[in-house]
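Dear colleague,

I am passing on the structure we spoke about, together with some notes on what turned up when its atoms were examined. Please look through it beside the sequence before reading on.

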Amino acid sequence: MAEDFPGEKGTGRPGLQGTDSPREQKTQGAQETQRTQETQGLLHGAGSGQPRPPMRRQRKERYGSRVQWLAGLAAMVLLTVPLSLPTAFMIEKPGPVVDTVGEIEGVDIISIDGRKTYPTDSSLALTTVSVAGGPGRQPTGFEAVAAWFDPVTDMQPQEFYYPLGVTFEQRSQQSELQMTSSQVTAEVAAVKHLGIDFSMETRIVGFAEPFNEGTLMANDAVVAVNGKSVSSVTQVQKAIQASKVGADGGSVELGIIREGKKMTVQAQTKVSAETGKPSLGVFISPHPRFPFEVSYAIENIGGSSAGTMMALGIIDKMTPGSLAGDTKVAGTGTIDIDGKVGPIAGVAQKIVGARKAGAEVFLTPEQNCAQLKGRVPEGIKAYSMKTLDDAVKILESVAQGKEPEAPRCGA
């Protein structure tokens, strides 16, 4: 019985396993090629028109994107962290404006008792600067950058307001005493301008340093230094600064009047961190004796830069009529007992605050006039003054509708 063995399909030839005919081999090869191409097409994105990159390339691209993202994050952190730290700058901005011949809640800003006063239609405003910063209150880098690009604000080194070793509390106390002293000086300058007789003495009004507390007291009148008579703040300062002082300090003999009694005391001196010269560590102020009393309703404003405007306010209240007519005037400047106007800080911020408050005329010390170049707001005229008399003449011209014969600032 014959048995057949697996052989060539359809040939009947036994024993030729796995061997196809040439024609069948060609057909099968074409089919395998087609399947391979279809498989590769799926892997390479067939149907999208674009071949997909190999898997290794995809991994490299994802890694590169991740590195770029991390690098950007690191750069952001490196920029953000320093800007969030405190800086050693002070930022100056426009501050409050106060009409010296006006009222606050029905109370006169300047009150004069014991002498006839007159109503006025003028507005004579003192101007201020709002200062951000100081020990423990430093603005951040972000705030400093914003201030740098703000045309209204300015920045100063912290040492400008806080010399080395001066605390926030000491600076605040000093600022308050400067305001008190400038009020008294303004009274003297105004009364001298009006030709009213009075007497003067130099008094201690507070302590910048504690080393003479107990030896000296507030309201002590200083009448002599090392045996030489003194009658003004300037004379007292010059006499103290001319005294000898060593590394551990020095001493001076002071003639004082305390509660109406004359006496002599030995006071210590030390080199001032601000001036580098001998100092008593006290604040002194000219103290006049008038036949009337002046008081003020000014709060939360310090420094001495309002002296000129307070003097003008006193003059306006003590003379008939309106010193500047019905014009809104603002200004700034320190003043001494002889009526000399001195420079101040933040004049560019003060004139902006003045204009926002409606002022049409701005009075500025001669030394600050150049600082207003290109910084005078539209709608306000700035005039330079050297003395209180200059300021009065400017306002009298304004009241008459005339152009003042004074240099203009800001051109």
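Which two cysteines form a disulfide, and how far apart are their sulfur atoms? The pair is Cys369 and Cys409, with 2.0 Å between the sulfur atoms. Please keep in mind throughout that this is a predicted model.

**The disulfide**

The count of disulfides comes to one. Because Cys369 sits in the loop between β18 (361-365) and β19 (381-385), while Cys409 belongs to strand β20 (residues 408-409), the bond ties together parts that are 40 residues apart in sequence. The torsion about the S-S bond is about -120°, and the disulfide is therefore left-handed.

**The chain as a whole**

The protein chain has nine helices and 20 strands, and of its 411 residues 39% are buried.

**Salt bridges**

A search of the whole structure gives nine salt bridges, and I describe some of them here. One of them joins Glu201 to Arg289, where the closest N and O atoms are 3.3 Å apart. This pair links distant parts of the chain, since Glu201 is in strand β7 (residues 199-207) and Arg289 is in strand β13 (residues 282-289), 88 residues apart. Glu201 is buried, with a relative accessible area of 12%, and a network of salt bridges links Glu201, Arg203 and Arg289.

Another salt bridge is formed by the side chains of Glu366 and Lys386, at 3.8 Å from N to O. Glu366 lies in the loop between β18 and β19 and Lys386 in the loop between β19 and α9 (388-399), so this bridge ties together parts that are 20 residues apart in sequence. Both residues are partly exposed: Glu366 has a relative accessible area of 38%, and Lys386 has one of 48%.

In a further salt bridge Glu403 meets Lys381, the closest N and O atoms being 3.5 Å apart. Here the loop between α9 and β20, which holds Glu403, is tied to strand β19, which holds Lys381, so that parts 22 residues apart in sequence are brought together by the pair. Glu403 is partly exposed, with a relative accessible area of 43%, and Lys381 is partly exposed as well, with 36%.

**A buried threonine**

Is Thr308 buried or exposed? Its relative accessibility is 0%, so Thr308 counts as buried. Thr308 is placed in helix α7 (residues 307-317), and a polar atom of its side chain lies 3.1 Å from the backbone oxygen of Thr334. Setting aside residues up to four places away in sequence, Thr308 touches Gly333, Thr334, Ile335, Val341, Met385 and Leu388.

On the surface, Val145, Trp148 and Phe149 form a nonpolar patch, and together they have about 410 Å² of accessible area. Phe149 is part of helix α3 (residues 141-149) and is exposed, with a relative accessible area of 66%.

Leu85 is found in the loop between α2 (55-83) and β1 (89-99), and at 46% relative accessibility it counts as partly exposed. Which residues is Leu85 in contact with, once its neighbours within four places in sequence are left aside? They are Pro139, Thr140 and Gly141. For Leu85 and Thr140, which are 55 residues apart along the chain, the separation of the C-alpha atoms is 5.3 Å.

Note on methods
Residues are numbered from 1 along each chain as its sequence is written. This is a predicted model: local features need pLDDT of at least 70, side-chain atom pairs count only at pLDDT 80 or more; totals for chains, interfaces and linings use all residues. Side-chain values use heavy atoms; hydrogens and water are left out. Helices (H or I, at least four residues) and strands (E, at least two) are DSSP runs, numbered from the N terminus. Buried means under 20% relative accessible area, exposed over 50%, partly exposed in between (1.4 Å probe, protein chains only). A polar contact is a pair of N or O atoms within 3.5 Å; within protein, one must be able to donate a hydrogen and the other to accept it, and residues adjacent in sequence count only if both atoms are side-chain atoms. Contact means heavy atoms within 4.5 Å. A disulfide is a pair of cysteine sulfur atoms within 2.5 Å. Patches are made of residues with over 30% relative accessible area and no salt bridge: like charges are joined within 9 Å, nonpolar side chains (Val, Leu, Ile, Met, Phe, Trp, Tyr) within 5 Å. Accessible areas come from the Shrake-Rupley method with a 1.4 Å probe; for residues, only the protein chains shown count as cover. A salt bridge is a side-chain nitrogen of Lys or Arg within 4 Å of a carboxyl oxygen of Asp or Glu.
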